[in-house]
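Please walk me through this structure in plain terms. I have not looked at it before.

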Amino acid sequence: MIKSAGSLVISYLKGISYMSGYFFYLSRKTLKFLFSRKQDKKVLIMQLLFTGVEALPILSLISLGIGGVIIVQGVAILPQFGQGEMVYDILVLIIVRELGPVLTALILAARSGTAITTELGNMIVSHEVEAYESVGINPVYYLAVPRLLGVVGSMILLNVYFDIFGLFGSFLVTSMMNPIPIKEYLENLLQVLTAWDLFISFLKSFVFGYIIAVVSTYHGFRVNHAITEVPVATIKSIGNCFTFIIVADAIITVISRL
């Protein structure tokens, strides 16, 4: 039992070590891509469309629902403690700083991260990656870097979209329960919304997007030659993405409160 537990720990540490090395290699190739004059933007544009545009319907539904639920619970509970005016602080704290980046990241990891891992895994099985290498094309530079930029860019934009729709959803519910002019609603929000809140939200969306791209491409390239490895790699990819996103969120939240 001790031997098997030791083997499991060693295997886990090797996996972390390989992924860390891949993280630095991919980051170096990404910098090279950004400063290169010869950029193939086709994969990047396709990734932005798939990750960003096609995720809008589900993100709209979730953000509107979350915003509505928060305002209903806040209006029902906070006045009992004489803290009714804190409902706007709660909205900013939960939607802008916490749920916005985290829920957007989990949706992208489940939707786009799994798609990237599956696509790259299938390309390895069908020997497409070998074909790129045979003509001197670096598969990480050509396949992974545009996907990383597409996922990070989409994550940042979708997080802003989630925040706006979440706050709009809370306004709709507020209007039904206790109608107030939208000007007064926005003024109350802007009084509690700070530049630090926006920076933390942006930082989380950037970090979460980077995590999704690195993990999903890493597991895609880890597939060898069997088609049965693809679903296994996809499951590992989404599990790692969820774990790293939650850990990163906890670290950033704690540091931001120091």
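Helix axes here are lines fitted to C-alpha atoms over the stretch in contact, and the angles between N-to-C directions run from 0 to 180 degrees. This is a predicted model, in which local features need pLDDT of at least 70 and side-chain atom pairs count only at pLDDT 80 or more, while totals for chains, interfaces and linings use all residues. Residues are numbered from 1 along each chain as its sequence is written, and side-chain values use heavy atoms, with hydrogens and water left out.

The secondary structure of the protein comes to nine helices and zero strands; helices (H or I, at least four residues) and strands (E, at least two) are DSSP runs numbered from the N terminus. From the N terminus on, the order of elements is therefore α-α-α-α-α-α-α-α-α. The C-alpha trace spans about 65 × 55 × 35 Å along its principal axes.

Confidence is given as pLDDT, the predictor's value for each residue from 0 to 100. Its mean over the protein is 86, and 97% of the residues reach 70 or more. The lowest mean, 76, belongs to helix α2 (residues 42-51), and the highest, 94, to α8.

An unreviewed UniProt entry places the feature "transmembrane region" at residues 6-27, 48-78, 90-110, 156-178 and 198-221. Such positions are given in the numbering used here, feature names are shortened, and annotations may be inferred rather than shown by experiment. In the model, residues 6-27 are 100% helix and 0% strand, with the end C-alpha atoms 32 Å apart. Residues 156-178 are 96% helix and 0% strand, and their end C-alpha atoms lie 33 Å apart.

Next come the helix pairs. The axes of helix α6 (residues 139-177) and helix α7 (residues 182-192) come within 11 Å and cross at roughly 130°. That makes α6 oblique to α7, because angles under 35 degrees count as roughly parallel, over 145 as roughly antiparallel, 65 to 115 as roughly perpendicular and the rest as oblique. The crossing of α6 and α7 is right-handed, meaning that the near helix is turned clockwise from the far one by less than a right angle. With contact taken as heavy atoms within 4.5 Å, Leu 167, Ser 170 and Phe 171 of α6 meet Ile 182, Tyr 185 and Leu 189 of α7. This contact has five nonpolar, one polar and no charged residues; Ala, Val, Leu, Ile, Met, Phe, Trp, Tyr, Cys and Pro count as nonpolar, Asp, Glu, Lys and Arg as charged, and the others, Gly among them, as polar.

Helix α6 also packs with α8, at an angle of about 145° and with the axes 8 Å apart. The crossing of α6 and α8 is right-handed. Among the residues making the contact are Arg 147 and Asp 163 of α6 and Phe 202 and Gly 209 of α8. By class, the residues of the contact of α6 with α8 divide into 17 nonpolar, five polar and two charged.

On α8 (residues 195-221), another partner is α9 (residues 229-256): the two pack at about 155°, with their axes 9 Å apart. That makes α8 roughly antiparallel to α9. Their contact includes Trp 196 and Lys 204 of α8 and Lys 236 and Asp 249 of α9. It divides into 14 nonpolar, six polar and three charged residues.
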